[in-house]
Amino acid sequence: MISEKLIKGQLLIAEPSIIGDLSFNRSVILLADHDQEGSVGFIINKPLKYTIHDLIPEVNARFKIFNGGPVEQDNLYFIHNIPELIPNSIEISNGIYWGGDFESTKELINSGKINKGNIRFFLGYTGWDEKQLESEMNENSWIIAPNSYKNKIIAKSSTHFWKEQIIELGGEYLIWSNAPENPYLN
């Protein structure tokens, strides 16, 4: 299950040792892009208190907004699984697409042609400079796993996603699945 090669579309699971880092503690990141210049991803399991309607009132939907990462948190990003409806999308992998024409997206949401199983919104993203992610991998900060959910990951519940991934890893990780988020509270 665990891979050593970074490829866009994979999941980065925060090692249990990342404690105290508000952005990355117990994070699962969808790697949206990776090449020699750097990497980009979105934290997919950290919902915020906002909905798309809270941020863009002309959108008549209550889709949750997620904390995509610490970079450019004043910008809204989205991934989806409906490229046939949203023009100018970029395929990440496995039928998951990044961005596209936002005006069309708003109209499609308002007309009910896009539901929360088709799209996920993020404030900010996670970014790494050239070789930075590889360096963090060498420091055992991340576990690479395939995205076995493919494009259905967009609708995947986020509340216990890190714990589910840790249980799937098994072995030495199982002990962490029931540990408190802050071990000092144990």
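Buried means under 20% relative accessible area, exposed means over 50%, and partly exposed is in between (1.4 Å probe, protein chains only). Helices (H or I, at least four residues) and strands (E, at least two) are DSSP runs, numbered from the N terminus. In soluble globular proteins, nonpolar side chains tend to be buried together.

Before going further, please keep in mind that this is a predicted model, in which local features need pLDDT of at least 70 and side-chain atom pairs count only at pLDDT 80 or more, while totals for chains, interfaces and linings use all residues. Residues are numbered from 1 along each chain as its sequence is written, and side-chain values use heavy atoms, with hydrogens and water left out.

Leaving aside neighbours within four places in sequence, Ile44 is in contact (heavy atoms within 4.5 Å) with Leu11, Val28, Leu30, Phe66, Arg120, Phe122, Ile153, Ser158 and Phe161.

One of those partners, Leu11, takes us to strand β1 (residues 11-14), which is covered on both faces: Leu11 and Ile13 are buried on one side, Leu12 and Ala14 on the other. In a regular strand the side chains alternate between the two faces of the sheet. β1 runs antiparallel to β2 (residues 28-35), joined to it by three bridges, and Ile13 stands opposite Val28 in that pairing. Four bridges join β1 to β10, again antiparallel, with Leu12 opposite Ile144. Two strands pair if DSSP finds at least two bridges between them.

What packs against β1, β2 and β10? The buried residues of α4 do. In this helix (residues 161-169), they are Phe161, Trp162, Gln165, Ile166 and Leu169. They cover an arc of only 135 degrees around the axis, which puts them on the same side of α4; the arc is that of the directions from the helix axis to the C-beta atoms. Gly170 follows the helix, with a positive phi near 65 degrees.

Pro16 is buried, with a relative accessible area of 7%. Not counting residues up to four places away in sequence, Pro16 touches Trp162, Ile166, Tyr173 and Trp176. Pro16 and Gln165 are 149 residues apart in sequence, with 11 Å between their C-alpha atoms.

Now turn to helix α2 (residues 102-110), whose buried residues are Thr105, Lys106, Leu108 and Ile109. Seen down the axis, these fall within an arc of 165 degrees, so they line one face of the helix. They pack against β6 and β9 (119-129). At the start of α2, a side-chain oxygen of Asp101 reaches to within 3.2 Å of the backbone nitrogen of Glu103. Gly112 follows α2, with a positive phi near 80 degrees.

Phe78 shows a β6 residue in detail. At 5% relative accessibility, Phe78 counts as buried, and the residues it touches, not counting those up to four places away in sequence, include Phe102, Thr105, Ile119 and Phe121.

We finish at Thr51, in strand β4 (residues 47-51). Thr51 is buried, with a relative accessible area of 14%. Beyond its neighbours within four places in sequence, Thr51 is in contact with Ala61, Arg62, Phe63, Lys64 and Ile65.

Methods
A polar contact is a pair of N or O atoms within 3.5 Å; within protein, one must be able to donate a hydrogen and the other to accept it, and residues adjacent in sequence count only if both atoms are side-chain atoms.
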